Amino acid sequence: MFVDKVKIFIKAGEGGNGCVSFYTEKHRPLGGPDGGDGGKGGDIVFAVTPHTDTLASFDYARRYIAESGFRGDSSFCNGKSGKDLVIQVPRGTIVRDEETGGIIADMFDANDRIVVLKGGSGGKGNARFKTSRRKTPRFSQTGQKTTERAVILELKTIAEAGLVGYPNAGKSTLLSVISAARPKIAGYHFTTITPNLGVVKYYDKSFVVADIPGLIEGASDGAGLGIDFLRHIERVRLIVHIIDVSGQEGRDPYDDYLTINKELKVYSKQLGKLKQIIVLNKADLLGGDDTAIQEFKSKLGKGKKVMIISGITGQGVDKLKAEIAGRLAKMPPVQKMEYEPFEYAPPDTTSFEIAREDDGAWVVYGGMIDELARNVVLDDFQSFSYMQKFLKDGGVFKELTKQGLKEGDTVRILDTEFEYVE
């Protein structure tokens, strides 16, 4: 099954907790704190794999969580870091943040590898909290928590030339003739339901051609299969516009040409500006009568080159390959998308806000307080003292008094409340 757009959930590993431990032995009953730090959580990493050209595997597994860091241990032993989780995607995958639509990465090159979410840092063991005045800290720091994010994976085929045209215009047949690709070919509409890629060799040159299915009138609004696959020609440098000149479908070839071009422009102004090779296919069905060809050229006007081919008999195919190769040789190579990379902000550990509740109590909350929660054990006197110093050094008490805090007022922080004393 071909899947080219999917939503998944990713979460980096959380940091391991620090350890509370004290070194003791027979002759050293007061050896001091020796609790080690927790390990760092694993990162979420996206990497290109050559083993697939679809996002189908993500239809069955939508949630990806990296391994968390391990708890610290006694004897100053730090916890092991969690393993990174590497998510493999086909080349050409765009990774977007679902909430903002921002592009995190364009997995364009075969060796692309990017860290999208960083694992949480490990908590400090109690040995880290020892000071000249606090010799036996009985608290440690918990590991840093991480947030689950939703991202959109969107596959944009990487090809140099794109075959476009109405269903049954002969695109798949042509691709099978000029390359080793073997797309499904049949005499009914929408035989091709997935983009097909083929490598075309022409003497010492080679280039990748994509057969884009499902374009009909209204494709840019969702008609046919077009809205699903128009994204796959956004990277191409050259469009090879295949038109059924035989009229066997009961449509006018020139009207088909105008309709497909309109859909390209509506979908993307950039696509509408791409250079095109206009190809009249199925010339073998005309029986030597070139009236339809001449009518098309007349409507098209002077100055535009038209190539006449038959994918079935091979008429004009070598000339078409030469034309594609020659055009591409004069164009710059396929490039990554131009975008401002989106990055998830690191956890906020410095800001705080103050509010006053109906009962007159002052409440402090925010990133600084969330970070503080990792460091304190509220039923431990030393830990509580550490919290008081943390709030003072962070400017919390200064801001509280500036907003009107008076001695005897109640302050609520985390899951505790205390009476303020100057």
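1. Start at Val200. Leaving aside neighbours within four places in sequence, Val200 is in contact (heavy atoms within 4.5 Å) with Ile178, Ser179, Lys205, Ser206, Phe207, Val209 and Lys321. Val200 lies in strand S10, residues 196-202. Strands here are DSSP runs of E, at least two residues long, numbered from the N terminus. Val200 is buried (under 20% relative accessible area, with a 1.4 Å probe and protein chains only), at a value of 0%. Val200 and Ile178 are 22 residues apart in sequence, yet their C-alpha atoms are 5.9 Å apart in space.

2. A word on the model. It is predicted, with local features needing pLDDT of at least 70 and side-chain atom pairs counting only at pLDDT 80 or more, while totals for chains, interfaces and linings use all residues. Residues are numbered from 1 along each chain as its sequence is written, and side-chain values use heavy atoms, leaving out hydrogens and water.

3. Now the cores. A nonpolar core is a set of buried Ala, Val, Leu, Ile, Met, Phe, Trp, Tyr and Cys residues joined through side-chain atoms within 4.5 Å. The largest has 23 residues. Ile8, Ile10, Phe46, Phe58, Val151 and Leu153 touch the most other members. Strands S1 (5-11), S2 (44-49), S4 (85-90), S6 (103-107), S7 (113-117) and S8 (149-155) each supply at least two residues of this core. A second, separate core of 22 residues includes Ala169, Ile178, Met307 and Met331.

4. Phe58 deserves a look. Beyond its neighbours within four places in sequence, Phe58 is in contact with Val6, Ile8, Tyr64, Ile87, Gln88, Val89 and Leu153.

5. Asp244 is a buried residue, with a relative accessible area of 5%. Its place is in strand S12, residues 238-244. The side chains of Asp244 and Ser246 are joined by a polar contact of 2.6 Å. Such a contact is a pair of N or O atoms within 3.5 Å; within protein, one must be able to donate a hydrogen and the other to accept it, and residues adjacent in sequence count only if both atoms are side-chain atoms. Outside the four places either side in sequence, Asp244 is in contact with Asn168, Ala169, Glu249, Pro253, Asn281 and Lys282.

6. Last, a sheet. Four strands form an open sheet in the order S15-S16-S17-S18, with mixed pairing. Two strands pair if DSSP finds at least two bridges between them. Strands S15 (353-356) and S18 (416-419) stand at the edges with a single partner strand each, so one side of each has no neighbour in the sheet. S17 (residues 410-413) and S18 run antiparallel, joined by 4 bridges. Thr410 stands opposite Glu419 in S18.

Methods
Buried means under 20% relative accessible area, exposed over 50%, partly exposed in between (1.4 Å probe, protein chains only).
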